[in-house]
Amino acid sequence: MSDEKLLVVTDLKTTFDTANGPLPAVGGVSFDLERNETLGIVGESGSGKTVLSRTIMGLQPRTKVSVTGSSVIDGFEVVGASENDKRKIWGTEVAMIFQDPMTSLNPVMRIGKQIDEALRVRLGMDKAAAKARAIELLELVGIPSPQERYNAYPGMLSGGMRQRVVIAIALACSPKLLMADEPTTGLDVTIQAQILNLLDELKDRLKMSVILVTHDLGVVATRTSRIIVMYAGRIVETGNTRDVFYHHRMPYTKALLESSPKVSNHSHTRLVTIPGRPPNLLSLPDGCAFAPRCSYATDQCHLVRPELEPSTEPGHTFACWNPLPINVEGALA
Ligand SMILES: Nc1ncnc2c1ncn2[C@@H]1O[C@H](COP(=O)(O)OP(=O)(O)OP(=O)(O)O)[C@@H](O)[C@H]1O
Ligand SMILES: [Mg+2]
């Protein structure tokens with residue numbers, strides 16, 4: 001196994017060309033990911049988590065979008081690569097569990113066939129080998145009686161079981177990096193925990209790295225080693241999970257923690273309510289995009305955008321002119 005980082009993202013920008021002008025959904029993001037690491041990406045709805053994830057693997061729309069910067073997955077530069085070349089890494093190097101799992105399965109196709117298809121098209125397996133492997137994958141993701149379930153249609157399975165099938169499809173070609181975009185949205189809390197436990201277990205078993213995208217800090221608290229906090233398409237704080245939870249410096253991180261359901265006994269909710277409205281990406285202010293909602297904001301915050309700067313702990317950075325004092329205890333303490 002190479003010592004190189006699995007993923008290196010440098011100044012990645014995604015700008016949509018809209019009828020109302022350019023919309024910078026991702027405004028210059030840099031980070032990297034180790035092998036066998038789980039990284040969380042958190043932020044309010046509209047902060048750019050999904051667009052960033054898709055851009056990292058080169059899945060943006062074909063037109064009306066401009067992507068600059070760099071995203072290198074296991075040595076492969078995604079930005080600027082042809083669709084044909086990207087297809088070679090999709091599935092085998094990187095796979096994604098999409099935000100809306102219930103629509104990512106074909107309702108009129110037996111689930112076994114949906115897994116077979118990935119194996120036959122991408123790995124060139126013959127029919128019998130693909131079926132055997134599909135059943136193995138169903139077993140791997142904890143689906144009982146996989147031989148029988150192979151012939152089931154998605155509608156015959158519960159939400160949790162369907163999500164396991166989605167995971168099986170993502171894992172079909174043994175990716176090194178699994179991007180999971182809100183993988184438990186819409187599932188009840190017990191099933192949510194089961195699916196997250198399954199992802200943890202599979203990560204270790206298959207030696208993958210996982211990027212766990214969510215607006216819910218409770219989800220990433222115990223399951224990631226590092227967290228990226230996004231606001232208006234940029235990273236505003238990043239660090240080890242513990243540091244982000246307990247030593248955060250950026251008032252937005254604090255607000256996000258305070259508005260997040262508690263780690264224990266919460267049910268999944270899409271509502272994260274921080275006072276004020278998220279910024280309009282079509283007309284971002286010159287200063288900090290969070291300043292209009294921030295009770296700590298000073299004149300400087302409204303005028304000049306702060307860059308990420310190091311905090312006291314290794315790898316912990318934040319973008320704020322008027323940060324919270326060091327060692328502030330987080331809302332989940
Ligand atoms: N194809 C597109 N064309 C124009 N704007 C887009 C497009 N896709 C996304 N956006 C905009 O990009 C911004 C970031 O969206 P994104 O879906 O990444 O947010 P998110 O953080 O994933 O939110 P959520 O938590 O709701 O999933 C939003 O303002 C969204 O409206
Ligand atoms: Mg999203």
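Author: Let's start with a term we will need: a residue counts as buried if its relative accessible area is under 20%, and as exposed if that value is over 50%. Keep in mind, too, that this is a predicted model.

Reader: Thanks! Is Cys 288 buried or exposed?

Author: Cys 288 has a relative accessible area of 12%, so this residue is buried. Cys 294, at 17% relative accessibility, is counted as buried too.

Reader: How many disulfides does a search of the whole structure find?

Author: The general idea is a distance test: two cysteine sulfur atoms must lie within 2.5 Å of each other. A search of the whole structure turns up zero disulfides.

Reader: Now the ligand, please. Which residues are the closest to ligand 1?

Author: Ligand 1 has 15 residues around it, and the closest are Ser 45, Gly 46, Lys 49, Thr 50 and Gln 99. By type, the shell holds five nonpolar, six polar and four charged residues.

Reader: What lies 2.4 Å from an oxygen atom of ligand 1?

Author: To read polar contacts, look for N or O atoms paired within 3.5 Å. Here, a polar side-chain atom of Ser 45 sits 2.4 Å from a ligand 1 oxygen. The backbone takes part too: a polar backbone atom of Gly 46 is 2.8 Å from an oxygen of ligand 1, and for Val 51 a backbone N or O atom lies 2.9 Å from a ligand oxygen. On its own, ligand 1 exposes 640 Å², of which the protein buries 68%.

Reader: Which elements give two or more residues to the shell around ligand 1?

Author: Those are strand S2 (21–33) and helix H1 (49–56). H1 gives the most, with three residues.

Reader: S2 is a strand, so let's look at its sheet. What is the order of the four strands?

Author: In general, strands of a sheet pair through backbone hydrogen bonds, either parallel or antiparallel. In this model the sheet is open, its order is S2-S1-S4-S5, and the pairing is antiparallel. S2 and strand S5 (76–77) are the edge strands, each pairing on one side only.

Reader: How many bridges join S4 to S5?

Author: Two bridges link strand S4 (residues 65–73) to S5, and the two strands run antiparallel. To find the spot in your viewer, look for Ile 73, which stands opposite Phe 76 in S5.

Conventions. Residues numbered from 1 in each chain as written. Chains lettered and ligands numbered in written order. Predicted model: local features only at pLDDT ≥ 70, side-chain atom pairs only at ≥ 80, totals over all residues. Heavy atoms only, no water. Near = heavy atom within 4 Å. Polar contact = N/O pair within 3.5 Å; in protein donor to acceptor, adjacent residues only side chain to side chain. Areas by Shrake-Rupley, 256 points an atom, 1.4 Å probe, with all protein chains shown as cover. Nonpolar A, V, L, I, M, F, W, Y, C, P; charged D, E, K, R; others polar. Buried < 20%, exposed > 50% of the residue type's maximum accessible area, 1.4 Å probe, protein only. Pairing = 2+ DSSP bridges.
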